[in-house]
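Hi,

Here is the structure I promised to pass on.

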Amino acid sequence: MKYIKNVTTLNFNKDKCINCRKCFDVCPHRVFMVNQDKIEISDKDKCMECGACVNNCPVGALSVNNGVGCAYAILGDGSCGCD
Amino acid sequence: MGCCEVCSCNTGFLNLEKKINLKDRFYWFLARTGLKRTGLSIKPGLYRLGNPDKNSDVFVTANYRLSVDALKIGLKELDAWILVLDTKGLNVWCAAGKGTFGTQELISQIKQCKLTEIVNHKRLILPQLSAPGVNSNEVFIKTGFKVFFGPVRAEDINQYITNHYNADEKMRTVNFKFFDRIKLIPVELKLSLKYIFFFFILFLAKNYFLLDEKSIKLIINNSLKNVIPVLGGLVCGTVLIPMFLPYIPFKAFFIKGFYVGVIYTVIIFNYLDYFGYGSILEKFSVVIWTIVISSLSSLNFTGCSTYTSFSGVKKEIDIFYKPSIFFIVLGFIFYFSIILLNK
């Protein structure tokens, strides 16, 4: 299943990438792929902005405006009420 | 707090029961029906599962009962250490998103539990979905422990270990299958019913004013009839959308709900007289309400889904939320004005 196209704020700076593949390991939606000696983005629209890759990239090659994709949280005070 | 028992006294470690018993299943039932949303936590700290020794693996999880149970089931006969973080009783993914299943909490539990004295290795296995909250580089620098992000689902853990601590593509990918989705329906429905109750109160008030003969039974009967089509709109968004999500056209959740809502109102349109919507303006009002309720409750399901992004949901809200409220209010204006005119 795929969500709305062209909305994700995921940004990848390929020049900084050291190919440690952490992002590839932690991404829950196969946004990244390994291509020879560098990581590449295979399908950006699959990104759900969870921030796992950004949090675990040791060289700061990735950035995203991460947050929860939950209408209840966005309409409220940012808290999803799941507590 | 849980760790103090492990570290400072000689009575031994906290033990986890290997078997899932009737009490655990009762807690699952409470959680899945939404009868109990809080208080499903267990004490954070280091637990023994079976008879782990200094070489046994350490698995990290949240202190939400269902998370711990899933891990226990996944580990089957394996002896292991379970490090339970204080996530305030929240599941792994949500807690990672909120930061309670986070780098600092993990580091502090490793230190509090004196994990270096308990195991001979420097390996921690975390659920992959904790990665939004855990910075593995920082954990390594501050504690010396190397974080291995394991599979998404605890049921794959044995396979993961057999694979020499490698999660294959299937293990790393989040699904949202039929059964994953229908499990969420009871809670969704329960949380949304308050909106329908609000409509019911309004119908009670309307029927009270409209009926010459103030029979309580008749007022309640008519109000129940009035509320049924609206309730149907909610069922579209909270039951049909989760069930058939991949097969409903359009990507935006609001539009999915709108689509199903329109089909539903087309089907029930000819029966609206029976539910107490006689005039065209009343019909117009109830059609608006059902479609908007279906759309909004579908939009609300983004919070349960495993693939919607913050930016995407925000876009949907920016486009659709205000018009929805406008139309709901318009429905009320039409509905009550015609009644006042008839009076």
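In chain B, helix H11 (residues 185-210) packs against helix H12 (residues 216-244) at an angle of about 155°, and their axes are 8 Å apart. Angles over 145 degrees count as roughly antiparallel, so H11(B) is roughly antiparallel to H12(B). The crossing of H11(B) and H12(B) is right-handed. Keep in mind that this is a predicted model.

If you want to look at the contact itself, H11(B) brings residues including Leu189(B), Phe199(B), Phe200(B) and Phe203(B), and among those they meet in H12(B) are Val227(B), Val230(B), Leu231(B) and Leu234(B). Sorted by class, the contact between H11(B) and H12(B) has 15 nonpolar, six polar and one charged residues.

Chain B also has an open sheet of six strands with mixed pairing, in the order S1-S2-S4-S3-S5-S6. S1 (14-16) and S6 (146-149) of chain B are its edge strands, each pairing on one side only. On average, and ignoring direction, neighbouring strands of this sheet are turned by 35° against each other.

Now for the two chains together: 35 residues of chain A are in contact with 36 residues of chain B. On the chain A side, the elements that give two or more residues are H1 (22-26), H2 (52-56) and H3 (71-75) of chain A. H3(A) gives the most, with five residues. That side of chain A divides into 20 nonpolar, ten polar and five charged residues.

Cheers

Definitions and conventions. Residues are numbered from 1 along each chain as its sequence is written. Chains are lettered from A and ligands numbered from 1 in the order in which they are written. This is a predicted model: local features need pLDDT of at least 70, side-chain atom pairs count only at pLDDT 80 or more; totals for chains, interfaces and linings use all residues. Two residues are in contact if their C-beta atoms, placed from the backbone, lie within 7 Å. Helices (H or I, at least four residues) and strands (E, at least two) are DSSP runs, numbered from the N terminus. Ala, Val, Leu, Ile, Met, Phe, Trp, Tyr, Cys and Pro count as nonpolar, Asp, Glu, Lys and Arg as charged, and the others, Gly among them, as polar. Two strands pair if DSSP finds at least two bridges between them. Axes are lines fitted to C-alpha atoms, for helices over the stretch in contact, and angles run from 0 to 180 degrees between N-to-C directions. Angles under 35 degrees count as roughly parallel, over 145 as roughly antiparallel, 65 to 115 as roughly perpendicular and the rest as oblique. A crossing is left-handed if the near helix is turned anticlockwise from the far one by less than a right angle, and right-handed if clockwise.
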